[in-house]
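Today I want to go through the charged pairs in this model. Here is what I have open on my screen.

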Amino acid sequence: MAAAQGAGSSSAGPPGAPVSIPGHSSSTAVVVWEWQDEFGRWRPYRGDVCKFIEQGFQASQQKGRRSGSGLVSSSISLGHADAGLAPYVIDIPSLTQFRQDTGTMRAVRRHLFPRDSAAEQGIIWEWQNDERGWFPYEMNVCVFLEQAHASSHQRVDLGPLGYNYEVDLVAQVQTNKTTRFCRSVRRRVDNPYPVTAALAPVHTGTGCSCQQCWLNGGTGPITTRYRHSMTNFPNSSAAPQVSGRTTSVSSSGVGFVPYNKPALSGARSAPRLNAQSSWAFPQAGGAVGPSTGLSTSNGVSALNLPVKMSKPSKLNQALAAAPTDPEAVVRKYLVEVKGTPADEDCIICMEKLASPSGYSDTCECRTIKPEMVGRLTNCQHSFHMLCVLAMYSNGNKDGSLQCPSCKTIYGEKTGTQPKGKMEVSTFPQSLPGHRDCGTIQIVYHISRGIQGPEHPNPGMPYTARGFPRYCYLPDNEKGRKVLELLKVAWNRRLIFTVGTSNTTGESNTVVWNEIHHKTEMDTNLSGHGYPDPNYLDNVLAELAAQGVTEDCLRK
């Protein structure tokens with residue numbers, strides 16, 4: 001992995017130095033780097049961090065031009081710009097942010113804005129969440145709001161940008177147009193974003209395959225319209241502001257593109273994006289306690305009380321009973337809407353529901369036509385049925401669906417975890433913050449093997465580094481509940497997956513999936529240990545997001 005301190009060396013040139021690319025003239029613009037969170041929102045890095053990233057990016061470009069190979073393999077360690085970002089590394093060729101201590105991967109993108117925009121002035125508009133924390137809008141929205149503010153507009157509609165909100169700039173309030181729920185917004189001045197080379201003319205319509213579109217778009221050339229992007233930049237997307245009150249309310253009617261259009265067919269080979277929160281993903285290691293669990297045939301064990309599962313397992317029974325034919329799954333969970341659909345967008349393809357599906361050119365079906373609209377039976381959100389078919393066909397095909405708007409799960413969600421064994425034992429030593437009880441130790445065993453059809457590269461070997469992995473829970477009522485739900489998640493293959501290791505950069509290896517574990521008993525400076533008063537509640541929420549709730553224990 002390339003050393004990040006080279007990003008600020010003289011080889012990168014001074015910040016904003018023009019970069020000449022054959023076939024394009026050069027000018028200057030303001031560059032903003034953004035990362036994509038678990039809800040699809042693009043969140044800008046701070047101005048000083050963007051400056052550091054851009055220096056590394058320019059250095060990579062220069063090296064690539066000298067070698068004649070385009071962008072060279074290089075990475076940028078964000079800890080050199082901000083000590084609080086020490087775990088994070090950006091891989092330039094793949095435009096991916098890795099968290100080294102957790103394995104979490106995020107998409108990043110690079111956008112150019114005019115010199116007189118809010119970005120150059122360092123002006124950020126933010127909205128307040130349920131916990132009274134402040135989160136920045138994506139820079140497209142910040143620029144739009146600042147233009148309206150400078151023009152003395154009192155109220156603006158964010159609908160053209162894909163958001164179902166109105167913003168009162170005088171009262172500094174954002175209102176959901178469907179639910180009328182209000183949030184506070186604020187305008188803040190921070191470090192200005194850096195000036196860098198821009199390729200002229202900056203594209204404002206359909207992206208092509210030139211280097212400009214690829215470098216600025218974040219995910220490669222996009223060949224479709226950007227009807228909902230105020231600036232018409234490639235890969236501009238919007239997403240709901242998820243409320244702690246009720247997900248269905250906060251995300252109603254909000255534009256969200258959970259899949260990169262139109263390349264759904266290639267999503268399985270793309271890096272998996274993990275849900276992020278304020279606490280860290282675990283890695284192998286930590287204190288190793290005595291393992292006295294008794295193994296059982298299904299791979300889960302417990303101290304003196306093996307977990308008994310019927311044969312075949314409930315998971316296999318569920319998979320055998322569930323319809324996995326894509327068309328059958330779509331028709332099982334969606335009811336076709338007759339007549340003229342509502343005047344709203346399909347948040348998968350971002351086309352009007354009254355128009356044909358945006359995936360009609362990439363997904364064909366004999367019985368589901370591009371103009372057919374369906375409504376999910378429980379949450380009542382509507383989409384093009386062909387869009388849902390494309391979404392399902394590109395996933396795990398386990399007979400379950402997840403609403404891309406409110407995340408309601410239909411059926412039983414399963415993952416791609418390789419075969420292995422989960423052992424459970426207890427010992428009397430207490431965890432910091434839980435002095436009134438002993439400790440539960442979980443040991444995960446997974447060996448190397450061959451990837452199946454559900455993995456990124458079927459037929460290729462995968463490695464399993466750092467196993468066995470040891471994890472810890474307090475042996476109290478809530479800890480035991482988490483343990484039982486982790487057993488369910490293990491049997492549904494949700495704990496691990498096959499992907500790319502952030503720590504080593506190795507691909508085709510077993511990595512943590514989307515459920516956080518504590519791999520140290522104490523010394524929580526790394527975020528992997530105790531004390532952590534919020535951990536049990538957070539992991540319960542993570543499990544619920546995967547469809548693993550207390551209801552599973554009653555079955």
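Is E138 buried or exposed? I looked it up: E138 is buried, at a relative accessible area of 3%, where buried means under 20%, exposed over 50% and partly exposed in between, with a 1.4 Å probe and protein chains only.

A note on the source: this is a predicted model, where local features need pLDDT of at least 70, side-chain atom pairs count only at pLDDT 80 or more, and totals for chains, interfaces and linings use all residues. Residues are numbered from 1 along each chain as its sequence is written, and side-chain values use heavy atoms, with hydrogens and water left out.

Next, I looked up the partner. E138 makes a salt bridge with R109, at 3.0 Å from N to O; the term asks for a side-chain nitrogen of Lys or Arg within 4 Å of a carboxyl oxygen of Asp or Glu. R109 is buried too, at 0% relative accessibility.

Then I checked K177 and D157. Their salt bridge has its closest N and O atoms 2.9 Å apart. The two residues lie 20 residues apart in the chain. K177 is partly exposed at 28%, and D157 is also partly exposed, at 34%.

One more pair went into my notes: R465 and E506 meet in a salt bridge at 3.0 Å, N to O. This pair links distant parts of the chain, 41 residues apart.

I also found a network of salt bridges that links E126, R186, R188 and D190. For the overall tally, I wrote down 25 salt bridges.

Key. Helix = DSSP H or I, 4+ residues; strand = E, 2+ residues; numbered from the N terminus.
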